[in-house]
Amino acid sequence: MSNIELYNKAFIDTFEIEEGRLLGLKYQDIDAWDSVGHMQLVNALEDAFDIMLDTVDITELGSYELGKEILSKPDYGIEF
(Lines give C-alpha, C1' and ligand atoms only; values in the text may rest on other atoms or scores of the structure.)
Protein backbone atom coordinates (compact mmCIF):
# COMPACT_ATOMS: atom_id res chain seq x y z
CA MET A 1 0.00 0.00 0.00
CA SER A 2 1.29 3.48 -0.80
CA ASN A 3 1.74 6.12 1.90
CA ILE A 4 -1.31 8.07 0.75
CA GLU A 5 -3.38 4.88 0.81
CA LEU A 6 -2.20 4.11 4.36
CA TYR A 7 -2.93 7.69 5.40
CA ASN A 8 -6.41 7.69 3.88
CA LYS A 9 -7.18 4.27 5.38
CA ALA A 10 -6.37 5.59 8.87
CA PHE A 11 -8.98 8.34 8.44
CA ILE A 12 -11.55 6.13 6.71
CA ASP A 13 -11.29 3.31 9.25
CA THR A 14 -11.14 5.56 12.31
CA PHE A 15 -14.06 7.77 11.37
CA GLU A 16 -16.00 5.25 9.25
CA ILE A 17 -16.37 7.68 6.35
CA GLU A 18 -16.08 7.50 2.58
CA GLU A 19 -12.86 8.55 0.88
CA GLY A 20 -14.74 11.38 -0.82
CA ARG A 21 -15.17 13.10 2.56
CA LEU A 22 -11.44 13.41 3.24
CA LEU A 23 -10.52 16.57 1.33
CA GLY A 24 -11.13 19.57 3.54
CA LEU A 25 -12.05 17.43 6.57
CA LYS A 26 -11.30 19.24 9.84
CA TYR A 27 -11.38 18.40 13.53
CA GLN A 28 -14.98 18.35 14.78
CA ASP A 29 -16.45 18.60 11.24
CA ILE A 30 -17.97 15.19 11.92
CA ASP A 31 -19.20 13.68 15.19
CA ALA A 32 -16.59 10.92 15.08
CA TRP A 33 -13.70 13.42 15.10
CA ASP A 34 -14.03 14.49 18.70
CA SER A 35 -11.25 14.29 21.31
CA VAL A 36 -11.53 10.50 21.60
CA GLY A 37 -11.68 10.07 17.83
CA HIS A 38 -8.65 12.32 17.53
CA MET A 39 -6.58 10.03 19.73
CA GLN A 40 -7.85 6.99 17.81
CA LEU A 41 -6.70 8.67 14.59
CA VAL A 42 -3.30 9.42 16.11
CA ASN A 43 -2.97 5.78 17.15
CA ALA A 44 -3.99 4.59 13.68
CA LEU A 45 -1.43 6.89 12.02
CA GLU A 46 1.33 5.85 14.42
CA ASP A 47 0.58 2.18 13.77
CA ALA A 48 0.31 2.61 10.00
CA PHE A 49 3.64 4.40 9.68
CA ASP A 50 5.47 2.90 12.69
CA ILE A 51 6.14 6.33 14.19
CA MET A 52 5.54 8.19 17.45
CA LEU A 53 3.97 11.60 16.93
CA ASP A 54 5.25 14.50 19.00
CA THR A 55 2.74 16.06 21.41
CA VAL A 56 2.81 19.38 19.53
CA ASP A 57 2.12 17.60 16.25
CA ILE A 58 -0.77 15.67 17.81
CA THR A 59 -2.29 18.96 18.94
CA GLU A 60 -1.76 20.62 15.55
CA LEU A 61 -3.26 17.74 13.56
CA GLY A 62 -6.48 19.62 12.97
CA SER A 63 -7.33 18.64 9.42
CA TYR A 64 -6.75 16.02 6.77
CA GLU A 65 -4.40 18.39 4.92
CA LEU A 66 -2.45 19.41 8.03
CA GLY A 67 -1.88 15.77 8.87
CA LYS A 68 -0.07 15.24 5.57
CA GLU A 69 2.08 18.32 6.24
CA ILE A 70 2.95 17.07 9.71
CA LEU A 71 3.87 13.57 8.54
CA SER A 72 6.00 15.08 5.76
CA LYS A 73 8.24 16.84 8.32
CA PRO A 74 11.85 15.60 8.45
CA ASP A 75 11.09 14.14 11.91
CA TYR A 76 8.85 11.54 10.26
CA GLY A 77 10.07 11.57 6.65
CA ILE A 78 6.88 10.30 5.07
CA GLU A 79 6.39 11.26 1.43
CA PHE A 80 2.98 11.60 -0.17
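Me: Which residues of helix 1 meet which residues of helix 4?

Reply: In this predicted model, I4, Y7, N8 and F11 on the side of helix 1 meet Y64, G67, K68 and L71 on the side of helix 4. By class, the residues of this contact divide into five nonpolar, two polar and one charged.

Me: How do you know that the radius of gyration of the chain agrees with that of a compact globule?

Reply: For 80 residues, a compact globule would have a radius of gyration near 12 Å, and because the chain has 11 Å, the two agree. Taken along the principal axes, the C-alpha atoms fill a box of roughly 30 × 25 × 20 Å, and 38% of the 80 residues count as buried. The secondary structure comes to four helices and zero strands.

Me: What makes E60 partly exposed?

Reply: E60 has its place in helix 3 (residues 55-60), and its relative accessible area is 44%. Buried would require a value under 20% and exposed a value over 50%, so E60, with 44%, is partly exposed. Leaving aside residues up to four places away in sequence, E60 touches L66, I70 and K73, whereas F49, which is 11 residues apart from E60 in sequence, is 18 Å apart from it in space, C-alpha to C-alpha.

Me: Why does Q28 count as exposed, and why does D50 count as exposed?

Reply: The cut-off for exposed is over 50% relative accessible area; Q28 has 55% and therefore counts as exposed, and D50, at 73%, therefore counts as exposed as well.

Me: What is said of the phi of Q28 and of D50?

Reply: Most residues other than glycine have a negative phi. Q28, in the loop between helix 1 and helix 2 (35-49), has a positive phi of about 70 degrees although it is not a glycine. D50, in the loop between helix 2 and helix 3, has a positive phi of about 50 degrees, and it is not a glycine either.

Key:
Residues are numbered from 1 along each chain as its sequence is written. This is a predicted model: local features need pLDDT of at least 70, side-chain atom pairs count only at pLDDT 80 or more; totals for chains, interfaces and linings use all residues. Side-chain values use heavy atoms; hydrogens and water are left out. Contact means heavy atoms within 4.5 Å. Helices (H or I, at least four residues) and strands (E, at least two) are DSSP runs, numbered from the N terminus. Ala, Val, Leu, Ile, Met, Phe, Trp, Tyr, Cys and Pro count as nonpolar, Asp, Glu, Lys and Arg as charged, and the others, Gly among them, as polar. The radius of gyration is taken over C-alpha atoms; the globule rule is 2.2 Å times the number of residues to the power 0.38. Buried means under 20% relative accessible area, exposed over 50%, partly exposed in between (1.4 Å probe, protein chains only).
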